Amino acid sequence: MTLTRLMTSFATLRPRIEALTRGRVGCSATSEDIVQDTWIRLSNVRHDDAIDNHAAFTMQAAKNAAIGHFRKQQRRNEIDAEVNELLSTSVDEISPERIVMGRDMLRAVDKALQTMPERSRRIFLMNRVNGVSHREIARQLGISDEAVYYHIRRVVERLAELRDSNG
Amino acid sequence: MGKGQHGSEIDRGIALDARDWIVRLSAGNVSRQDLDRFNAWRAQSPGHARAFAREKEFWQLLQNVDGSGLDVAPVAMPMPRSAVSRRKFLVGGAVAASAAAVAAPRVLTWMRSDFATGAGEQVSATLPDGSTMLLNTNSAVDVDFRPGLRLVNLLSGEVEFSVRPDTRAPFRVAALGGNSDAVEGTYAVRSIADEVTVTASAGRISVSGGAKADAANTVSLATGQQTRYLTGKAPLAVADVNLESELAWRGGRVVFEGKPFVSAIGELGRYVPERLVIATHTHDASPVSAVFLTRDAHDAIEALAQTQGMSVHRVPGVVIVIS
C-alpha cells in the first residue's frame, strides 16, 4: 500500500489549499489548522489506488476540513453565547436599593483586595475586569491554567467570606 | 437522619460549588460537557439555582472593582519562552538542566507561582534546581525560590519532595507556621486541617515550629521517622513509622491500620470532590484496617460505611452524607 500519490497531490496543491482556506476564514492561524487537518485526513486514507482523481479528492478533503472548522467555530460561539446568558442578569433584577448596597460592598471589596497577594489580585483583575481568559493569563504569566483558576478562586472565596460576614 | 441538622453545612457546600462554577464559567473556552454538567448541577434543586443566582450577582458586582492596580493593558511577565516553557515544567522530566541555565533573577520572576491538584489528582513537577515534587489529591503549593533558600510554601494537602543536594541553598517547605528543611533527601509534608505531618524517607530532615526557632523547637528526622505539629506550635517527639503504609498514596493506595472510622472516612474524603457530612453518633465505631485504591474512593467510602452499618447518600459533585 502506498500513499505517495495522494501525498504528492497534497504537496502540489498545498498553495491552492492555503489560498482557498485563507480566503474563507481570513485568518492565517486557522487556515494553517485546516491545511494540517487536510493532511491528517489524507494520511488516514487506506486505499490510495481506488481513487481516480487525486487532485479532486485532495481538494474535497480540504473543503471538508474547512467545513469541520466552521462547525467547530459555530459550536464554540453557541457555547459562549449560552455562558454569557448564564452569567448576565436581566435588567429588572437590579433595584436602586441594590445599587446602593452594591456601592458599600464595593468599597469593602476594594479594600480587601489591597490586602491580597499581589499575584492573585492581579490575575483576578485581569480576568474579572479586563475579561482575559484563563488560558491567555496562563500563557502570559507562564503558569498553568489550573494555577490561574486557583488564584481567582482563592480571591473570590475571600471576597465571598467578606460579603457573608457583613450579613 | 434529620435533614435540618446538616442543612447549613449542605448550604455551605452548595455555595462553594456555586462559586466554583462562576469561576469556571468565566474561564473562557468552556466545553459543552462542562456546560451540561453545570446545568445538571443547577437543576438539582431550587436551592442550587438560588445559590448560583446569588453568586452570579456578586460576580457581576465585582466587575466594578477598582482595577487601577492593573496597568491599562495587561503586561506580560518576562518569560523565557525559548529557554523553558512552563508546560514542560509542569509535566516534569528532562527540563532540569535547561532550567538551571536560566539566569537567577528571571527564575525569581517566573517561579513565583502555584501548583494545584484537584480531588483524586496526582501531579509530579520538576523544580528549577532539579528537585521534584509529587502532589497528592487536593494539594496546593507556592514555589518561592530565592538566592540561598529554596522555599516552597505548602498551602494545603500533601506533597512529597525529592531534594537535589545543594549545600548553598537549603530546601525549605513552609506550612502552618513551621518549616521542614533539608539539604538533600526525600520527604513528604502533609498539611490537613490544623496539623502538619512530616515523614522522612531519605536523608536528614530538620523540622521546626513554634514561637522561637531554637533548638528546643526543632526536631531532626532520619529515614523512616515522622513528626507532627499543630499550627504555630513546636513539633512533637519523633516516631518511627512504616513508610510503606504512610506513603502508600504514591502508588494510588490508602492503607489503614487500626484507624478510627471517622478519620479513615475523612482520609478517603480527600480523594473525592464532594464534601463529607458524617452523622455525629459514630464515636463508638470500631477501628478500621483496610487497603483501598484512591481512584475507587467512592466505593471505599461506601464499603467502610457498610462495615459500621451506616448508609451513604451521595449527591454527585456536591455532598456525601453518611448516617
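**Exercise 1. Determine how many salt bridges the rule finds across the interface of chain B and chain A.**

Solution. The rule finds five salt bridges across this interface, where a salt bridge is a side-chain nitrogen of Lys or Arg within 4 Å of a carboxyl oxygen of Asp or Glu. This is a predicted model, in which local features need pLDDT of at least 70, side-chain atom pairs count only at pLDDT 80 or more, and totals for chains, interfaces and linings use all residues. Residues are numbered from 1 along each chain as its sequence is written, chains are lettered from A in the order in which they are written, and side-chain values use heavy atoms, with hydrogens and water left out.

Next, consider individual pairs. D20(B) pairs with R153(A) in a salt bridge whose closest N and O atoms are 2.4 Å apart. E55(B) and R163(A) also form a salt bridge, at 2.8 Å from N to O. This pair crosses between chains, from helix α3 of chain B to helix α7 of chain A; helices are DSSP runs (H or I, at least four residues) numbered from the N terminus. Over all chains, the structure holds 26 salt bridges.

**Exercise 2. State how many residues each chain brings to the contact, and what area is buried between chain B and chain A.**

Solution. Chain B brings 53 residues and chain A brings 50, contact meaning heavy atoms within 4.5 Å. The buried area is about 4900 Å², with 57% from carbon and sulfur atoms; buried area is the accessible area (1.4 Å probe) that two parts lose on being put together, summed over both.

**Exercise 3. Find how helices α5 and α7 of chain A are oriented to each other.**

Solution. Helix α5(A) covers residues 118-128 and helix α7(A) residues 145-165; they pack at an angle of about 95°, with axes 8 Å apart. Axes are lines fitted to C-alpha atoms over the stretch in contact, and angles run from 0 to 180 degrees between N-to-C directions. The two helices are therefore roughly perpendicular, the class for 65 to 115 degrees. Among the residues that meet are I123(A) and F124(A) in α5(A), and V148(A) and L159(A) in α7(A).

Methods:
Parallel < 35°, antiparallel > 145°, perpendicular 65-115°, else oblique.
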